[in-house]
Amino acid sequence: MTRTEDRFARAWAALAGIGRDEATGGYRRFAWTRADLELRAWFAGQARQRGMACEQDRNGNQWAWWGDPAPGAVVTGSHLDSVPDGGAYDGPLGVLSGFLAVDELREQGVRPARPVAVVCFADEEGARFGVSCVGSRLLTGTLDPDAARGLRDGDGVTLAGAMRQAGADPAAIGRDDGALARIGTFVELHVEQGRALEAPVGVATGIWPHGRWRLRLRGEANHAGTTRLADRRDPMLPYAAAVLAAREAAGRAGALATF
C-alpha cells in the first residue's frame, strides 16, 4: 500500500460510519442534522491535521486554506451530504481527494504561487428541504435568502430553524461577494453515476442544469365498484398524463425527466 493509499484508508475509515443506515447500507446525511455536524467536525479535523486554516462561510460552506485566503485561489472539493440511502463516494470522494492532493503537492516540495483551498458545499443534494445546491446557490446569489429560510422539511422544520439549532445564523445567508472573489479556478473530482462514460476518467466542463417542481393533484375518493367513470375525480389520471408528457418532452429536448 502506498503512502497515499494509506492516508486515504485512514481518513476514509473515520468518515465511512457517519450517517450510515445499517439496515440499507446507504447514507442519510442530511443538512443541519447530527450527521451533518459530525461531517463538519471531520472536515475541520482534516484541515487541522494539515495545518490548514478552516472557516465556515455564512451560507454554511466550509473552506480549508493552504496559504492565506486571497483572490485567484485554486479551489477543489465537493460535498459530504447525501441523497436518501446514497452511496459512499458521491461527494465525499471529491472532498477527501482534495486534501490528499494537498499532501502530494507538499511532499513534492511544491510552493503554490496562488492560495489553494478545499471546499465542502452545504446541502448540495437537497434531500432534507427539497432544493438542491443550497450552499453554492446562496453563495452565488441564485437562491433568494428569504425563500431559502422558509424551506421546510418533512417534519415542518424550516431551514432557518434547523440552522439555528445547529448553531448557524440564518439571517446571514445570501450572496457572498467576498468568498466569490477568492475563487480563481475551481475543479471537482466526482464519481460517474451513469453508464455512458467511454473511458475510466473523463474531463467535463459542465453538468446538467436542473430544476424541481411539486405538483399537487386533487381528487375525490369514491366507491370503486359503483362510481361511473363520468363521476370520478381520479388524480392518478392527470398524474399519469403528466409523467408521460414530461418523458416525451425530455426525449424531444435531449434532456431528462424524473418523477
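This text walks through the structure from its overall build to single residues.

The model is predicted: local features need pLDDT of at least 70, side-chain atom pairs count only at pLDDT 80 or more, and totals for chains, interfaces and linings use all residues. Residues are numbered from 1 along each chain as its sequence is written, and side-chain values use heavy atoms, with hydrogens and water left out.

Start with the whole. The protein has eight helices and five strands. Helices here are DSSP runs of H or I with at least four residues, strands are runs of E with at least two, and both are numbered from the N terminus. Along the sequence, the order is α-α-β-β-β-α-β-α-α-α-α-β-α. The C-alpha trace spans about 80 × 45 × 40 Å along its principal axes.

Buried residues make up 37% of the 259 residues. Buried means under 20% relative accessible area, exposed means over 50%, and partly exposed lies in between (1.4 Å probe, protein chains only). The protein exposes about 15,600 Å², and carbon and sulfur atoms supply 53% of that area. Such areas come from the Shrake-Rupley method with a 1.4 Å probe; for residues, only the protein chains shown count as cover. Contacts mean heavy atoms within 4.5 Å. Among contacts between residues at least 6 apart in sequence, 66% join residues at least 24 apart.

Now take helix α2, residues 34-49. Its 16 residues should span 22 Å at 1.5 Å a residue, and its end C-alpha atoms are 23 Å apart, which agrees. The expected span is 1.5 Å times one less than the number of residues. Several residues of α2 are buried, among them Leu39, Trp42 and Phe43. The buried residues of α2 pack against α1 (3-16), β1 (53-56), β2 (62-66), α3 and β4. Just after α2, Gly51 takes a positive phi of about 70 degrees.

Charged pairs come next. The structure holds 14 salt bridges. A salt bridge puts a side-chain nitrogen of Lys or Arg within 4 Å of a carboxyl oxygen of Asp or Glu. One joins Asp6 and Arg10 (2.9 Å, N to O). The two are four residues apart in helix α1, so about one helical turn separates them. Asp6 is partly exposed at 30% relative accessibility, while Arg10 is exposed at 53%.

Another salt bridge pairs Arg7 with Asp103, the closest N and O atoms being 3.8 Å apart. Arg7 lies in helix α1 and Asp103 in helix α3, so the pair ties together parts that are 96 residues apart in sequence. Both Arg7 and Asp103 are buried. A further salt bridge joins Arg182 and Glu55 (2.5 Å, N to O). This pair links distant parts of the chain, 127 residues apart: Arg182 is in helix α7 (residues 177-182), Glu55 in strand β1. Salt bridges that share partners also join Arg3, Arg7, Arg50, Asp103 and Glu107 into one network.

Last, look at His79. It sits in strand β3 (residues 73-79). His79 is buried, with a relative accessible area of 3%. Its side chain reaches the backbone oxygen of Asp81 at 3.0 Å. That is a polar contact: a pair of N or O atoms within 3.5 Å; within protein, one must be able to donate a hydrogen and the other to accept it, and residues adjacent in sequence count only if both atoms are side-chain atoms. Not counting residues up to four places away in sequence, His79 touches residues including Cys120, Phe121 and His190.
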